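Thanks for coming, everyone. Let me put the structure up, and then we'll walk through it.

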Amino acid sequence: MSARRTRHGAGVLAVGVVLLVLAFVVPENRVLLLNAFLAYGALVVGLDLLVGDLRMMPAGHAAFFGAGGYATVLLYQKAGLPLPVAGVLAVLIVGLLAALIGLPAVGRSAGFSFAIITFAFGELLIQLIANVPGFFGGSSGLTIDWGVGSDMPFDFSVYRYFTLWLVVVLVVVMLVVVLVRNSHLGLRMKAVRADENGTRGLGFNPTTYKGIAFVLASMLAGLVGVLWAPMNGFISPDTLGVNQSILLLGMLIIGGVGRITGALVGVALLVTLPALFDMDPVLRTVLVGGLLAVVALLQPSGIVGGLATLWTRLRRPKNPPPADGPVDATLEPAGAGR
Amino acid sequence: MDALVTTILLGIMQGGLYTLVGLGVTLTFGVTHILNFAHGEFITVGAYAFVLFAGAVGAGLALPLALLVAGGIAALLYVVGFRRTIGNHLQGLAFSLGLLLFVEAFMMRTFTATPRSGPRIEGTVALIGQEQMPVGRLIVIGVTVVVVVVTAFAMRRTWIGLALRACGDDEFAASTVGLPAKRVGLYAFVVAGVLAAVAGVCIALVVPITPLTGLAFLLKGFVVAIIGGLGSIEGTFVAAMMLGLLEALGTRYVEAGLTNAYGFVLMIVILLVAPAGLFNRRQVRAG
């Protein structure tokens, strides 16, 4: 257990170092693309804590991302707090919101009311923002003038400066996921996934673990929002709608649930590639939706999961030697004549 | 309390539309235990098919064509996709969410977000006092009442209705008398698709439609299906009327901006107090 934790942690740090190098060498016109990869990557890896580890399907994950962004901007603009303080407070607010929204829903076993309530929460948040334009900026969104001047460290542009922070966020999210998966909490989550009533019989309340995972995943999503909103300089209700949430689920499920590599492959395939080829965002949404439906039907473990199965099948010898008992030479019927 | 009668009639109209949507959600869930997030897209497809066909061949012929298109798509999706996901909640959810995204973005790309209007029905009817009610809305009320009554009758008297109810009541017992859930699920999806298309046509008659119309009504469909108790037809009807009237009265007399919040709050409260919904006799929780 501990060896695996070390191995996975080292893997995460290696990925972090690679991304950090990328943050320095990526050409200026690709910085935003890298930022998008990092932000979506962090969102999807955090989402996997619910989908992969607990088989919960939140249909409103992007709402918490947006809530984090909005909370930061509002605390910064209306309350005049410095950006780091506003960010920390925003993450706490998102955690509180998640607890309020999630606790009535996570206890239900089949997960339908959880999906519906998270779905409704996203829609409700959009309604709220659109109907209180004075405070939330309405449906046209909020612009953020966050006053960080041009004197960035290493002579970086503003966007590249945020790349560093997003790398940190992605690494933190991946570390949290790795640590949770290789801890007692992770074991209990695994037990809840396997058999909820059985877990209850062992004296662990499944609702507790689902609640913890939901609040944790939502706070991670909020953390991404905290950095994304100032980086982008603009936040609008579009970023927290149901479509965004399903896009996130789509990337995760198409890439492969239960693995960090799966989440990152999904993001690379569905965010980075379309952006490299200047694909129309609506067309990309069509693509993600269609792929999600097809993958959910044909290969529920996703691309990476499918490849992993293929790999183990290829590595396994064709005719495994019998584990015990005398080995007879009559594996083929006599006289098969080949 | 000015315009009380108009407000109540509008509430009944909304309630009728919610009934049509909620019935589809509840029927498909009752038989297949699939919560279909793509159900709202049947509304959008029905509405757009109606508007497009009405422009081409006239409203009279467009109605059956729209129902046919939506019912056909529902049947196709069930046979190709949903049938395989029975028994796996997460797979069904993922599949329907993917469909929702696909259809919505596809419609957005094809028809753009510009609202489109169906054929208009002109004129108003004078109610008591100075109140006026557009004829189109009265027609929608009439249509929904007729469809709900016919559906309720069909659920009790026709073999499809009996099959749907049998499967919803006890899947195993139904399968022993030759009604496997996988086949009855097809009927449920077709009926749900047609009911959603009726709702779509009605919506197109009274307000301009966009590719996002279905999503808004899907949320309400979920709310009423859950409040009524998933699988219960009477419950869906009562909950839909409650929600429609609550929204209409709340919008008129309390605060118009909060229209969508009323139903949501109602749903949370009901889920907390009675997780099985109001009318669910069996211990099937909305889960």
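Start with helix H2 (residues 31-54) and helix H12 (residues 260-276) of chain A, which pack at an angle of about 145°, their axes 9 Å apart. Axes here are lines fitted to C-alpha atoms, for helices over the stretch in contact, and angles run from 0 to 180 degrees between N-to-C directions. Helices (H or I, at least four residues) and strands (E, at least two) are DSSP runs, numbered from the N terminus. H2(A) passes H12(A) in a right-handed crossing. A crossing is right-handed if the near helix is turned clockwise from the far one by less than a right angle, and left-handed if anticlockwise.

Who touches whom? From H2(A), the contact includes Leu33(A), Phe37(A), Tyr40(A) and Asp48(A). From H12(A), it includes Ile260(A), Leu264(A), Val267(A) and Thr272(A). Contact means that the C-beta atoms of two residues, placed from the backbone, lie within 7 Å. By class, this contact has 13 nonpolar, three polar and one charged residues. For the classes, Ala, Val, Leu, Ile, Met, Phe, Trp, Tyr, Cys and Pro count as nonpolar, Asp, Glu, Lys and Arg as charged, and the others, Gly among them, as polar.

A word on the source. This is a predicted model, where local features need pLDDT of at least 70, side-chain atom pairs count only at pLDDT 80 or more, and totals for chains, interfaces and linings use all residues. Residues are numbered from 1 along each chain as its sequence is written, while chains are lettered from A and ligands numbered from 1 in the order in which they are written.

Now the next pair. Helix H4 (residues 83-106) of chain A packs against H5(A) at an angle of about 155°, with axes 8 Å apart. H4(A) and H5(A) are therefore roughly antiparallel to each other; the cut-offs are under 35 degrees for roughly parallel, over 145 for roughly antiparallel, 65 to 115 for roughly perpendicular, and oblique for the rest. Their crossing is right-handed. Among the residues in contact are Ile101(A) and Pro104(A) of H4(A), and Phe114(A) and Phe121(A) of H5(A). This contact has seven nonpolar, two polar and no charged residues.

Stay in H4(A) for Val94(A). Is Val94(A) buried or exposed? Val94(A) counts as buried, because 29 C-beta neighbours lie inside 10 Å. The cut-offs: buried is 20 or more other C-beta atoms within 10 Å of a residue's own, exposed is 12 or fewer, and partly exposed is in between, with C-beta atoms placed from the backbone. Val94(A) touches Phe64(A), Ser218(A) and Met219(A), among others.

Zoom out. Chain A has 14 helices and two strands. Of its 338 residues, 46% count as buried.

Two loop residues next. Arg55(A) has a positive phi, near 55°, and is not a glycine. Arg55(A) sits in the loop between H2 and helix H3 (61-77) of chain A. Arg55(A) is partly exposed, with 18 other C-beta atoms within 10 Å. In chain B, His33(B) also has a positive phi, about 55°, without being a glycine. His33(B) is buried, with 23 other C-beta atoms within 10 Å.

How values were computed. Lists of a residue's contacts leave out its neighbours within four places in sequence.
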